[in-house]
Amino acid sequence: MKDIPFISLDQAVEGMDQWGLEGRPFVFICDYKGEKVWWGSEEEAKTWGISLEFNNNQIPYFPGHIHFEKFPISYPEYLSKFYQVQAGLKRGDSFLVNLTFPTPIQTNLSLEDIYRHTKAKYKLLIQDQLVVFSPEPFIHIENNKIQAFPMKGTLAANEKNHPEDLLIDAKEQAEHATIVDLIRNDISRVAFPIQVEKYQYIEQVKTHSQDLWQMSSLISGELMPHFKHKFGSILKALLPAGSITGAPKHATMEMIEKAEGYDRGFYTGIMGKFDGTSLYSGVLIRFIEQINQKLVFKSGGGITVFSDPEKEYLELIQKVYLAI
């Protein structure tokens with residue numbers, strides 16, 4: 001497999017702006033830190049082993065038995081990182097921190113199998129490297145209107161839990177309100193006026209074991225004239241996605257760097273497509289990476305001063321699944 005010719009987000013901005021102004025379709029992927037970006041035509045993406053799918057509503061069928069085991073970080077190890085983050089939260093360095101970890105997994109499915117058979121709004125496969133089946137949109141731009149869909153708040157869908165429980169949980173409410181405020185602030189860099197069109201709607205996400213309830217909101221705005229069709233400049237103003245960092249963004253990213261102790265890489269980056277008229281993009285979560293012939297699933301959740309470490313640890317593990 002040839003090495004993909006990545007460039008930085010700063011280097012990609014001018015070209016993406018130009019293709020947007022020309023109405024020339026392209027696809028793109030960007031890592032968490034904006035250090036690795038690839039963009040170009042869908043045909044060119046395929047030559048580099050990059051496959052992307054957006055909003056495919058077909059239900060893929062996997063005919064065989066699924067073997068899937070996960071080996072998460074131990075609770076004592078998790079607890080030390082959790083309290084490290086909580087100390088910063090109590091100092092006032094941040095209001096919300098998205099803390100993530102890599103979980104080794106074993107499965108009888110290949111990366112290609114997972115890409116082909118999972119159901120998700122946003123799917124990405126980089127051959128022999130990683131696969132993503134994400135339920136979370138980043139931004140959607142159409143007719144000069146930008147929309148963002150921050151997803152924050154997770155609950156197992158079972159007999160004991162109801163989706164309304166997310167709406168009365170103090171921690172989930174605080175977490176979601178914080179991220180909506182952050183994303184609204186981010187969008188205001190490129191658009192005016194801004195509005196929250198839909199607040200705290202809940203969707204059910206299918207998994208191979210148990211389903212999850214996920215809470216999102218819809219924020220929209222009218223792009224400022226100097227950002228019209230300039231998709232590279234818009235992405236530079238908004239990235240990284242606030243839902244996978246926290247607030248305030250810069251200080252929280254410093255806390256994440258110290259606490260996590262591993263390289264997120266493309267995990268929590270974004271993928272997108274401009275079809276000549278509209279731009280669609282998704283956040284790279286539900287993420288499996290192949291490292292030294294072994295598979296690692298990267299997952300996490302938002303931590304606030306109200307967080308219960310046992311619940312947060314359980315959420316980290318619940319998010320390690322296959323959407324089949």
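**Contacts, cores and rings**

User: Leaving aside its neighbours within four places in sequence, which residues is D186 in contact with?

Analyst: This is a predicted model, in which local features need pLDDT of at least 70 and side-chain atom pairs count only at pLDDT 80 or more, while totals for chains, interfaces and linings use all residues. Numbering runs from 1 along each chain as its sequence is written, and side-chain values use heavy atoms, with hydrogens and water left out. Contact means heavy atoms within 4.5 Å. By that rule, D186 is in contact with L238, G242 and K249.

User: Is D186 buried or exposed?

Analyst: D186 belongs to helix α6 (residues 170–187); helices (H or I, at least four residues) and strands (E, at least two) are DSSP runs, numbered from the N terminus. Buried means under 20% relative accessible area, exposed over 50%, partly exposed in between (1.4 Å probe, protein chains only). D186 has 3% relative accessibility, so D186 counts as buried.

User: Which side chain makes a polar contact of 2.8 Å with that of D186?

Analyst: A polar contact is a pair of N or O atoms within 3.5 Å; within protein, one must be able to donate a hydrogen and the other to accept it, and residues adjacent in sequence count only if both atoms are side-chain atoms. At 2.8 Å, the partner of the D186 side chain is K249.

User: Which residues of the largest nonpolar core touch the most other members?

Analyst: A nonpolar core is a set of buried Ala, Val, Leu, Ile, Met, Phe, Trp, Tyr and Cys residues joined through side-chain atoms within 4.5 Å. The largest one holds 74 residues. Another core, of 20 residues, lies apart from it and includes Y115, V131, V205 and L295. In the largest core, the members touching the most others are I50, L124, I139, I146 and I234.

User: How many aromatic pairs are there?

Analyst: Rings of Phe, Tyr and Trp (its six-membered ring) pair if their centres lie within 6.5 Å; planes under 30 degrees apart count as stacked, over 60 as edge-to-face and the rest as tilted. The count of aromatic pairs is 16.

User: Why is the pair of F54 and Y122 edge-to-face, and what is the angle of its planes?

Analyst: The ring centres of F54 and Y122 lie 6.2 Å apart, and the angle between the planes makes the pair edge-to-face. F54 is in strand β3 (residues 50–54) and Y122 in strand β6 (residues 122–126), so the pair ties together parts 68 residues apart in sequence. F54 is buried at 17%, and Y122 is buried at 6%. The planes of F54 and Y122 stand at 80 degrees.

User: How many residues of α9 are buried?

Analyst: Helix α9 is mostly covered. Its buried residues are P309, E312, Y313, E315, L316, I317 and Q318.

User: Over which ring does the charged end of R24 sit?

Analyst: A charge sits over a ring if NZ of Lys or CZ of Arg is within 6 Å of the ring centre and within 35 degrees of the ring normal. The charged end of R24 is 3.7 Å from the ring centre. Ring pairs join W19, F26, F28, W39, F231 and F274 into a cluster. The ring under R24 is that of W19.
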